[in-house]
Amino acid sequence: MTRARILLPAMMLMTSCICAMAQQSDLFSHKRINLYGMKAMPHSTGNDHRDSIARNRIWRAEQPRLYEYLPGQEERQGAAVIVIPGGGYIKQAYETAGVSMAKWLNTFGVTAFVLLHRLPNQPDVTDPTIAPLADAQRAVKWVRAHAADYGIDPHKIGVMGCSAGAHVAACASTVSEDHSDCGDSLDTVSHRPDFAVLISPVAYMRNTGATWRTREPSVQRLLARFPLDSLIDRHTPPMLLLHAADDRTASPTGSVEIFKALLGAGVKRSSLHVFPHGGHGIALRGQPGSTALWPQIAEEWLRETGFAGK
């Protein structure tokens, strides 16, 4: 066998390995923070299982957790955002709707945490309508309780999500009842975030119903349990809503109704932007026309409202 024939398979194998590595997220190389002890997890049967992960998406989480993304020490602005990746409540696309958002937040000094929460279809979940919200509430409490460790102002902790992740973020911002209590010191910490950034949110409205159609009964019940327009009140934190008019998955009317409810409740630091194009799940890069400006709009909104900046 010639030297060329020997080298060619080896080079092909090396190339395939490099491509596979390039497709892997760096999420799991960052510090992992488990939100509960396995025996103290609320809304759980206590059954052990493993993560189910494929193509940078998690389909089942063994343990709700955060992954931290830290800006440079001198660049920190004293604010934190918990990023909640979406995926139709069936999965979480943690790379495109999680890691990329966290790294972007770091560029202007915001500490970020990517949340992997339990999903409604997990066999270990006793109440599918509550588990994702409970995990988001617990995440807010954990970050607030450890704010001093990260140089974070405990009153500048926000949530951010895309699609179903935006719904989890909206529920965490509007639901007054704490569903995350599990008998430890965090039970006394406030579970409400101080602000929210909602991108292409799915929603359920009291008068108009769901803005997104799903065939999953557990997800249908989850949406109907939390009619966002009726949950918003004067205690709701300010929200930035970003949506595309040509979104065929989650109607932009949901964002409009949320914004109307915010104004009606006097939450006047909120802002709504509906762009002509962009489809569902507006991404960080490669957006058409004025939609490409949304990261700049979001950064300026965070500064304008005083959440990003000391």
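Mentor: Contact here means heavy atoms within 4.5 Å. This is a predicted model, where local features need pLDDT of at least 70, side-chain atom pairs count only at pLDDT 80 or more, and totals for chains, interfaces and linings use all residues. Residues are numbered from 1 along each chain as its sequence is written, and side-chain values use heavy atoms, with hydrogens and water left out.

Trainee: OK, which residues does T129 touch, leaving out those up to four places away in sequence?

Mentor: S218, R221, L222, R225 and F226.

Trainee: And is T129 buried or exposed?

Mentor: Buried, with a relative accessible area of 10%. Buried means under 20%, exposed over 50%, partly exposed in between (1.4 Å probe, protein chains only).

Trainee: Which side chains make polar contacts with the T129 side chain?

Mentor: D127 is one, at 2.7 Å. R225 is another, also at 2.7 Å. A polar contact is a pair of N or O atoms within 3.5 Å; within protein, one must be able to donate a hydrogen and the other to accept it, and residues adjacent in sequence count only if both atoms are side-chain atoms.

Trainee: Switching to rings. How many aromatic pairs are there?

Mentor: Nine. Rings of Phe, Tyr and Trp (its six-membered ring) pair if their centres lie within 6.5 Å; planes under 30 degrees apart are stacked, over 60 edge-to-face, the rest tilted. F113 and W142 have ring centres 6.4 Å apart and planes at 70°, so they are edge-to-face.

Trainee: How accessible are F113 and W142?

Mentor: F113 is buried at 0% relative accessible area. W142 counts as buried at 12%.

Trainee: Which rings form a cluster?

Mentor: F28, Y67 and Y94, linked by ring pairs.
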